[in-house]
Each structure stands twice: as structure tokens, then as C-alpha cells.
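Hi everyone, thanks for coming.

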Amino acid sequence: MASSRKRNALGDARDMTASKQPRLDHKEHVAALILARGGSKGIPLKNIKMLAGVPLIGWVLRAAVDSDMFDSVWVSTDHDEIEKVAKSWGAKVHRRSPQVSRDSSTSLETIQEFAQLNPEVDVICNIQATSPCLHPFHVKEALEMITLQGFDSVFSVVRTHQFRWEEVKKGSEELTKPFNLNPAKRPRRQDWAGELCENGSFYFTKRDLIVNKGLQQGGKLGYYEMLPQYSVDIDVDIDWPVAEQRVLRYGYFGRATPEVVRLMFCNISGCLTEGRIFLSVSGEEGAEMVSINTKDMTGIRMLKKEDVEVVLLTSNEDPVTKMLSDKLAERTGCKILQVGEEPLNNLQSIIEKRRLDWKDVAYMGNDKADVRCLNLAGLSAVPGDAPVVAINAAKYTCHQVGGLGAVREFAEHILLQKEKAKAKVEQDGVGRRS
């Protein structure tokens, strides 16, 4: 097996969110294809299940689009909801036929159908939806092996250091034997280079191999080595929370440098509160109440401790929170701002007055009126029970619902991005010194 990849090239500190790079000037049409069938044996609609605030398939779509290496990016599916999510992330949709949507259908059969329907495509990169730690530089460097070095197919691998033994059937008198070591000369980990195993992240293949030879791996064949921290496979990592922690640390969050937020706007109704109104039995005027979760109060304190100003928003059409604004200001230590039907009209002048850009701002909303601000803000979020129109506009969707810890969750996400930005500055400094 040929390869020009060396481990040290991937081990260097690198800018994971580098500025946009032009796609290589080549005549071949290169397409990214993510297979996302609706039927999942383990987790229902796993491909669009939220992982760290993003639909699972969104992680690889973002990496593919931002790589600027593809003439087209596609999702192959048989499910309406997956199609909607794919289009919202900028992908085209190959609506696969029933013949390649069965449980027994292979990936190759689906890719062949796609190739036959799209004869202009010369190179197909089959990216696995279940590999959320894929970065643009991975596919860029792998594709260059085809466009610049003449490989016909390239697939991703990860280096493992595991000693493998032959399985012995229960009740058999046979003895197990080692596959890849001599027990008499058992090496230390640091003295053993390990083995390369497919990690399933992606497979680049020229059209001829797929259509005429029925192969994804063939011809002049090469591999591209990824470091273990990027080799997350949700088909294997059944524990979703563990996978989320890995993605939050090693996932690709977009082209821009992780945002360092200096100002946060947060809706009171539906975000800081549940959006419910409690009335007294007597119906006395002024007896209305709202509840605020102590977790969310802690989240606000966490942000303020890190010099993030928090401004709470109340609608002119919400008389209860308007009535309680003084008490909320006293309890939270935050300024309360009344906004109209279009919050952007009220907030733009505040941002300009503080000499900030929207990239310096975090916004938490929960409805259609918040869409423009959710789109503009450097970091934006909605509670887990927000309507679809708000979820589609936000950059992060909380697990928690409004009034029950969603603000705290978003606060932790904001501070995590701040840590990422700090780590990036330190990495850049090391790179310059070296």
C-alpha cells in the first residue's frame, strides 16, 4: 500500500480554522457524498440527532463545505427530515431509490446509483456522517494525493497500538495465537510503531473504479493517516455524552477563530424562565410570578466573572416580565432592556455604542423574532424546546429547555469557546517561536 503521509505532518500544531483557501485548479468534478439513511438500528434518526448542539450530519457537512475542495456536496437519503437538515446545511440531496435503501443495501450500491445519476462527477469522496471530528484540512490533504500525486483512491486510517489475538470458539480445544506480536519479545508501546486501521471517516475514489470495477479502494491506492483524537466514530462510541465531550474538544466549529464573547443578550421569557405565568387563586393584581432556575443564575455569574456583560431582554408585549424587571435586575445584577417585535432594531445601536461587532456578541433567543439576531451573533443558542425556525437559525441548540438550565448550558459553551481561543493563541505563539 502506497502513502506519502507521515505522522509528524499531522502532529504539528496547526490552525484548525484557517482562513478560506482556494480550491485547487483542476478540471475534474469532485463531489462529497454523505450517506444518511433514515432507518438506524441503534439510535432512531441518528444522523440528525443533536450532538453538542449540532445535528450529527452537520459536523461533516460543515467541514466539507468549508474545505473549498468540492464542486458539489451531497447527502444521499431516503428520509424527509434528513433531507431538510441537509439542505439547511448547504448540501444538495440525492434521493436514493428503494432498491438501495434496504437494510441489506451496501454503501457501494448507493454510491454507484449516485454516480450513474450524476455523470459529470469524476471523483467521489464518501464521507461518513458518523465522523464528527473531521476537519477541512483532512479532506484537503487527502484530495491532493489524487489531484497532485496521481492516486486513484485514498482512504482514512488511524494508528492503533493493540495486540490482537485469534478468537477461540467456546468449547473448542484449540488454543489462541497472537496475530501481531511475539509474546517472548513483547515490545514496549514506545518501541512499536503500531498498526494502521481504517477509521471510516472518508473514502476518495475515482469514478471509473466505482462504476466499472465496483470498487471504492483500488487502482493506485493510498491511505491518509488521521490522529486518534479526530477518529471519533459514533457507530462505535455508543455513549453519546462521551462522544459529545470529544467533539467539543476536537470538532470543527467553522472557519472563524473561536469567538471571544464580550456581550451577551438573553431573552427572559422562554430562556431564563420557562415562559409560564403563575397566577394567585384570588387573581389579585400584581400577584403574577415567574420562576428562575438557580443553575441559570450560576451561569450568568460565571459569565460576569469572565468579564462578559449580560443584558436580559424583555418584550414590550410581555407585561409580566416588564412588571418584574426591577426585581430581576436586582437578583441577577444585569441590565434589563425592553425590545420590540424586531430585537435587532433595539440592539444594533447598543453594539455600535460599545464599539463591538456582532462576532463579539452572544445571543440567546427562543422564537421567530430572534432569527436575525441568532444569525448575526458570533455565538447563538436556543433552548431545547425552541421552535424549529429558531433552532435552524442558532449555532447551538441546548439539551436543556428554557428555565431549566439552558442559560447555564450556553454559558458553559461560551466559556469553552473562550478557552479554545486562548489555546489557539498559545499554539500560534509556539508555532512562531519554533
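Let's begin at Trp192, which counts as buried because its relative accessibility is 18% and the cut-off for buried is under 20%. Keep in mind that this is a predicted model. Now look at Phe163: its relative accessible area is 25%, so Phe163 comes out as partly exposed.

How are the rings of Phe163 and Trp192 arranged? Their centres are 4.9 Å apart with the planes at 20 degrees, so we call the pair stacked. Phe163 and Trp192 both sit in the loop between strands S7 and S8, 29 residues apart. Across the whole structure, a search turns up eight aromatic pairs.

Another pair is Phe202 with Phe204, and both residues are buried. Here the ring centres are 5.7 Å apart and the planes make 70 degrees, so this pair is edge-to-face. Phe202 and Phe204 also belong to one aromatic cluster together with Phe70 and Tyr224.

Lys220 places its charged end over the ring of Phe151, 4.8 Å from the centre. Likewise, Lys49 lies over the face of Trp240, 5.1 Å from the ring centre.

Finally, let's turn to the sheet. It is open, with six strands in parallel pairing, ordered S12-S11-S10-S13-S14-S15. S12 and S15 are the edge strands, each pairing on one side only. Strands S10 and S13 pair over four bridges, and one to find on screen is Cys266 with its partner Met364 in S13. Helix H12, residues 343–353, packs on this sheet and touches S10, S11, S12 and S13. Its direction makes about 135 degrees with that of S12.

Methods. Residues numbered from 1 in each chain as written. Predicted model: local features only at pLDDT ≥ 70, side-chain atom pairs only at ≥ 80, totals over all residues. Heavy atoms only, no water. Pairing = 2+ DSSP bridges. Helix = DSSP H or I, 4+ residues; strand = E, 2+ residues; numbered from the N terminus. Contact = heavy atoms within 4.5 Å. Axes fitted to C-alpha atoms, helices over the stretch in contact; angles between N-to-C directions. Phe/Tyr/Trp six-rings, centres within 6.5 Å; stacked < 30°, edge-to-face > 60°. Buried < 20%, exposed > 50% of the residue type's maximum accessible area, 1.4 Å probe, protein only. Lys NZ or Arg CZ within 6 Å of the ring centre and 35° of its normal.
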